[in-house]
Amino acid sequence: MTYKVVLWGVGRIYNRLFNILKYFELKNEIEIVALTATNIPMIKYLDGYPVKTLDELEKIDYDLVIILNDIQEKEIFKAATELYGIPQEKLIFYRILELPNFCLDKYLELKKSKISIISNNCWGGVIYHTLGMECLSPFKNLYLEDADYLKLLKNLRYYLSCKLEFKEYGIEIHSRETYPIMCLNDITIHCNHSKTYEEAAFNWERRVKKINWDNIFVEMYTENRFFACEFSKLDCFEKKVCFVPFETENENQMQLKPLKEGQEFYQVVNGNAGNAGLAYFPWELLGLSKRYRYIC
């Protein structure tokens, strides 16, 4: 299928991605039907593409709007949906086009599926950001210890029905800043990217309402073989992966190796979820393909 595309942004990122966009055009994956911008330049065409005002978009037939902006992307997204009535599912962010081996059809299928990622660290939030997809999970900007996380997974619906309560403040070991430690009944959750317990509770309650129980993907990372084995035994989740630093033949586990000296394992895990990751293609992993990109 060839998608009719409007590009929102004609500045630095448009110039940087120009050859990539031409590549997708040559593959007949996209057809660029118009360019637009928040502050539109007073020109009719740019690089052969018609330049349209935002008000003129309603007169154009298009399938997708690609936002070519990394500074004001949230403001553009809000304006697109609230001021110009562009459906959220038609909006995508430019950075996905820079991912290696990117397939627009597979990506849009994944985006449409509205996947909820359950994660014991920042991996889920990083994946959502990398893929430019709405975060449909409260497991963002936090971490859980292995034993607590497995206990939570075994009774996920119950624990997510509990109210998140403040327990105490802790010290983040890297930044040395204080952060709220919260609890769901007898489960401890370290909200290490929040400043206050009010902020942590607000974000948790807002995000827990978004969970799509019909499409759950569960991720865990651990350096402990026992906990990795216990995770793999969970039969209540069809889609899951456990990242480990050791060799494994378990189909639910995936070994990740540090490719730089001095990396802690959590950095390896989170790094591979970003657009600089080397271990796997993120949209394939969420579709249960554990194909490695490298050979050591």
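**Inside the fold**

Guide: Let's start with H190, which counts as buried because its relative accessibility is 11%; buried means under 20% relative accessible area, exposed over 50%, and partly exposed in between, using a 1.4 Å probe and protein chains only. You are looking at a predicted model, where local features need pLDDT of at least 70 and side-chain atom pairs count only at pLDDT 80 or more, while totals for chains, interfaces and linings use all residues. Residues are numbered from 1 along each chain as its sequence is written, and side-chain values use heavy atoms, leaving out hydrogens and water.

H190 belongs to strand 10 (residues 187-190); helices (H or I, at least four residues) and strands (E, at least two) are DSSP runs numbered from the N terminus. Beyond four places in sequence, H190 is in contact (heavy atoms within 4.5 Å) with L142, Y143, E145, Y179, P180 and I181.

Now for the nonpolar cores, which are sets of buried Ala, Val, Leu, Ile, Met, Phe, Trp, Tyr and Cys residues joined through side-chain atoms within 4.5 Å. The largest has 51 residues, and W123 and F243 touch the most other members. Helix 1 (residues 12-26) gives the most to this core, with five residues. A separate second core has 34 residues, including L184 and M220. As background, nonpolar side chains tend to be buried together in soluble globular proteins.

Next come the aromatic rings. Rings of Phe, Tyr and Trp (its six-membered ring) pair if their centres lie within 6.5 Å, with planes under 30 degrees apart counted as stacked, over 60 as edge-to-face and the rest as tilted. This rule gives 18 aromatic pairs. F24 and F102 are edge-to-face, because their centres are 6.1 Å apart and their planes stand at 75 degrees. F24 is in helix 1 and F102 in the loop between strand 6 (91-93) and helix 3 (104-112), so this pair ties together parts that are 78 residues apart in sequence. F24 is buried at 3% relative accessible area, and F102 is buried at 5% relative accessibility.

W123 returns here in a stacked pair with F217, 6.1 Å centre to centre and 25 degrees between the planes. W123 lies in helix 4 (residues 123-131) and F217 in strand 11 (residues 216-221), so parts 94 residues apart in sequence are tied together. Both W123 and F217 are buried.

Finally, visit strand 5 (residues 64-67), where L64 and I66 point one way, V65 and I67 the other, and all are buried. Strands pair if DSSP finds at least two bridges between them. Strand 5 pairs in the parallel sense with strand 1 (residues 3-8) over four bridges, and V6 stands opposite V65. Strand 5 also pairs in the parallel sense with strand 6, over three bridges, where F93 is the bridge partner of I67.
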